[in-house]
Amino acid sequence: MTAKPQQAIAPSQPWLLALALSLPVILLPNAHLFSLSFGVLAILGVFMLIGLLRHRNTYNGDDKALQVLPRCFLFIWFPMLISCIDASATEQALKVTGLYLSYGLAALAVAVLLRAQAAFKQVAILLSIIIGIWAFNGVAQVALGIDMLNKPLVDPEGYANSFFATSQEFGFYIGALAAIPLYTLYLMGANRLSHLLVTILLIVAVFLGRARSGWIMFAVALLPYFYLLYIKPAKRRIIPIVIVPVFFCSIAMAVMSLSPLVQQQVTLTKNAVSGDYEQFNNMTHNYPELWKDTIEIAEQHWVNGVGVDNFLPAFMPYLAPNAPVPTHIDVSHPHHVWLEVAVSTGVIGLLGLLLAYAAMWRLWCSATPAQQKLALPMLMPLLVLWWPVNASHAFYSAPLAALSLFFLAFSVAALTYRGDVK
């Protein structure tokens with residue numbers, strides 16, 4: 001009697017884990033639910049940290065993910081803790097530092113969960129769908145006056161806000177996260193038509209958001225994407241080098257010609273670059289002066305800074321006597337990543353940030369091409385959030401810090417993944 005051949009068991013796709021890990025970004029438009037999702041991950045991170053410490057003699061000590069992620073976190077968190085020593089508002093500095101610790105625990109949970117069950121592609125696909133919905137909803141708002149849920153525009157000026165409370169939030173986050181769908185298509189080997197349609201949708205959505213920082217971040221993310229997709233595989237690279245930028249610049253010009261609001265925003269940006277501050281809006285007109293004052297404050301507190309989330313008390317003496325706090329510009333942070341790190345945590349913080357950059361660069365160089373490709377959908381948002389192109393949100397603020405550490409954990413896990421990453 002011959003034995004019946006056993007049926008092959010198909011490996012289960014970790015879509016449930018992918019959905020759980022995608023919730024923080026899915027819930028990003030709602031601040032309370034966003035914080036709740038990270039709180040749950042932080043609680044999981046506590047138990048995972050206890051488990052790792054209890055079995056520190058038995059788990060794989062050569063696991064790069066458990067080496068690089070804590071190092072990058074500590075490079076940023078320790079300067080925050082040191083800055084609390086002589087902060088003017090010590091209680092607030094300690095509060096922000098403690099919250100950052102919870103985000104680090106959430107990041108540990110993300111990395112450990114991805115090590116247990118590889119859901120890299122599934123997370124990238126789900127987040128790409130969500131961001132695509134955000135983009136389509138924003139375009140529909142401007143084109144039709146209502147969104148997918150039949151809700152009118154929130155911004156009276158007519159800028160898209162999609163599911164977010166304000167158009168500024170939508171413009172910033174769509175610009176920062178628009179890299180995810182593009183690099184996910186590249187990861188999955190999608191055809192050129194899919195790349196083209198998604199890129200056009202994202203370009204239009206990013207332009208219809210009112211955040212210039214979103215425009216810059218999206219442009220930075222597009223450069224390596226264009227190289228990987230069009231220039232690198234071309235036999236004659238001069239052709240895509242000329243044609244691709246011309247084509248997508250034509251899309252941008254068409255959006256500007258059809259939208260007076262976008263055209264006005266571009267004009268204001270040109271005035272900023274040319275130094276014509278008389279025609280520049282009040283908000284951005286104050287940025288150069290704000291950055292100049294920030295440098296002076298950083299020079300006075302160059303060792304460990306003024307403390308995280310303590311910029312406003314340090315900036316108040318630079319206002320005119322009895323002058324109220326400006327309402328047309330947020331002076332709670334310097335609107336520049338590196339300047340904020342320098343003034344908040346001093347040279348110690350800048351050194352720590354550079355060490356975090358170096359650790360990630362070293363990990364990138366040691367990873368295989370397959371691992372690098374797997375990490376790109378989440379590594380590019382981290383890149384644009386941690387570079388000076390981020391000029392709208394505070395580096396240590398709750399949503400930006402939580403998102404940064406989420407993408408950091410995902411990238412580290414992907415760059416150290418040893419499974420099948422074809």
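Throughout this tour, contact means that heavy atoms lie within 4.5 Å. The model is a predicted one, in which local features need pLDDT of at least 70 and side-chain atom pairs count only at pLDDT 80 or more, while totals for chains, interfaces and linings use all residues. Residues are numbered from 1 along each chain as its sequence is written, and side-chain values use heavy atoms, with hydrogens and water left out.

Begin with Trp386 and, leaving aside neighbours within four places in sequence, look for its contacts with Ile76, Val337, Trp338, Ala356, Tyr357, Phe395, Ser404 and Leu408.

Next, select Tyr100, Trp134, Leu177, Trp386, Phe407 and Leu408, the residues with the most contacts inside the largest nonpolar core, which has 112 residues. Such a core is a set of buried Ala, Val, Leu, Ile, Met, Phe, Trp, Tyr and Cys residues joined through side-chain atoms within 4.5 Å, where buried means under 20% relative accessible area, exposed over 50% and partly exposed in between, with a 1.4 Å probe and protein chains only. Helix α17, residues 398-415, gives the most to this core, with 14 residues; helices are DSSP runs of H or I with at least four residues, numbered from the N terminus. A second, separate core of twelve residues includes Tyr287, Ala314, Phe315 and Ile329.

Now move to Leu201, which is found in helix α8, residues 192-208. Is Leu201 buried or partly exposed? Leu201 counts as partly exposed because its relative accessibility is 26%. Leaving aside neighbours within four places in sequence, Leu201 is in contact with Gly132, Ala135, Phe136 and Val139.

Finally, show the whole protein, where 49% of the 422 residues count as buried.

Conventions. Helices (H or I, at least four residues) and strands (E, at least two) are DSSP runs, numbered from the N terminus.
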